[in-house]
Amino acid sequence: MPLSIDLKDSALRAELSAKAQSCVPDNKINLIGLDRDELKSVLIEAGIPEKQARMRASQLWQWIYWYGHQDFSAMSNIAKPLRGLLEEKFSLTRPELIEEQSSEDGTRKWLFRFPPRGAGKPVEVETVYIPESDRGTLCISSQVGCTLTCTFCHTGTQKLVRNLTAEEILMQLIVARDRLGDFPDKDVEGKGFVPEGDRKVTNIVMMGMGEPLYNFENVKKALLIASDNEGLSLSKRRITLSTSGVVPGIELTGSEIGCMLAISLHATNDELRDEIVPINKKYPIKTLLDACRNYPGVSNAKRITFEYVMLKGVNDSLHDAKQLVQLLKGIPAKINLIPFNPWPGSDYECSDWDQIEKFADFVNANGYASPIRKPRGRDILAACGQLKSESERLRKKERDALNAMHAMVSGHGAESDT
Ligand code: SAH
Ligand code: SF4
């Protein structure tokens, strides 16, 4: 039985909500998600002398991202009056955590609630943590829902509600670290402090809900903060962005983010890929693979991962394996075979294990590493492609009515639509 802590009923939820609520009405600026320049600017606006602002921004950066502090009063190298000013103007409040589930295999899944920001009502997002013997991977969402409709993917059945902001993308990593006791000054289960180099979240993958390249600027901002050496300090080699094949974003990912790239290929001919990964109609296989060949920084030491979901009787024949090897010729690549994870209402079956192994052996024998991804967290619907939240975007008319009501009640202008 999966262990589910429904935070609706727990003391923890009360604690988290109390914190969240206490900071809602005061309109403080949340510092999480601001880059260094923005941080400096808001400090100057708050009255910190320009000469000091860079140094103060650096100090804050370390407290916020390296130590994961939520409390200005504990920032010991900042003078007391200044801490008071920070407290008054800014917050480091975490989002509302609605539910936390733990799988039999140690996988953890969190459901977050973020403010509407133009979607009409608050949105909910899932994040998954997968511990393994040599690493801990956090699977982060970039959008609520998805505009694309890959036929085997649960998220694809949820219309796009809205893009996540950089703050919301980062919060998934920060709260995961909070919950796992993974900031260096946190006491882990009574064992003292987490030693450096012994982190629980060692890798992040943009493989949760949504298509990250349709939310490029926010994803880029969040990943650059996540990889900053004086903060969350994840190496860019341990950050992987997965795309269904939004070709114009691929070059930008390499040149502006510099992280590892994964491509959701899933088919070896355009006819089938058009059907199961419909963005293929816009950017067909050849165009996609050309972009991969030109991916900035690609080399044998920095290979592109090609994800290939194993769908019984659809794309799992040895003929497909042969085609796959042909297609990838000349691209430094590894192939990640993903056993299809079923979800309520899905039309596919996972390939037989025997067939997956034959497929993997063939690809391997032809020179490509082809690990089979072990399904994790299936019992809590946390495996690849199983994520989906209940959030729906309100219709324009409904949003306008709601905003007009808020404006009347609060005396402020209506929230602008995005
Ligand atoms: N939108 C991006 C990232 C999120 S999906 C993308 O498509 O790449 C992360 C991975 O899970 C993708 O490779 C996706 O194709 C795969 N996936 C989706 N549904 C799945 C399912 N039901 N079983 C196994 N893998 C799935
Ligand atoms: Fe969207 Fe990726 Fe799912 Fe396709 S596989 S519907 S792009 S989240």
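You are looking at a predicted model, in which local features need pLDDT of at least 70 and side-chain atom pairs count only at pLDDT 80 or more, whereas totals for chains, interfaces and linings use all residues. Residues are numbered from 1 along each chain as its sequence is written, and chains are lettered from A and ligands numbered from 1 in the order in which they are written.

Let's stay with Ser 244 for a moment. Ser 244 sits in the loop between strand E11 (239-243) and H7; helices (H or I, at least four residues) and strands (E, at least two) are DSSP runs, numbered from the N terminus. Setting aside neighbours within four places in sequence, Ser 244 is in contact with Leu 148, Cys 150, Glu 211, Ser 264, Val 277 and Ile 279, where contact asks for C-beta atoms, placed from the backbone, within 7 Å. Leu 213 is 31 residues from Ser 244 along the chain, and their C-alpha atoms are separated by 8.8 Å.

Ser 244 also belongs to the residues around ligand 2, together with Cys 146, Leu 148, Thr 149, Cys 150, Cys 153, Thr 155, Gly 156, Gly 210, Glu 211 and Ser 264; each has its C-beta atom, placed from the backbone, within 6 Å of the ligand. By class, this shell holds four nonpolar, six polar and one charged residues. Here Ala, Val, Leu, Ile, Met, Phe, Trp, Tyr, Cys and Pro count as nonpolar, Asp, Glu, Lys and Arg as charged, and the others, Gly among them, as polar.

Now move on to helix H7 (residues 247-257), which packs against helix H6 (residues 216-226) at an angle of about 25 degrees, with the axes 11 Å apart. The axes are lines fitted to C-alpha atoms over the stretch in contact, and angles run from 0 to 180 degrees between N-to-C directions. Phe 216, Lys 220, Leu 223 and Leu 224 of H6 meet Gly 249, Leu 252, Glu 256 and Ile 257 of H7. By class, that contact has five nonpolar, one polar and two charged residues.

Helix H7 also contains Ser 255. Ser 255 is exposed, with 11 other C-beta atoms within 10 Å.

How values were computed:
Two residues are in contact if their C-beta atoms, placed from the backbone, lie within 7 Å. A residue is buried if 20 or more other C-beta atoms lie within 10 Å of its own, exposed if 12 or fewer, and partly exposed in between; C-beta atoms are placed from the backbone.
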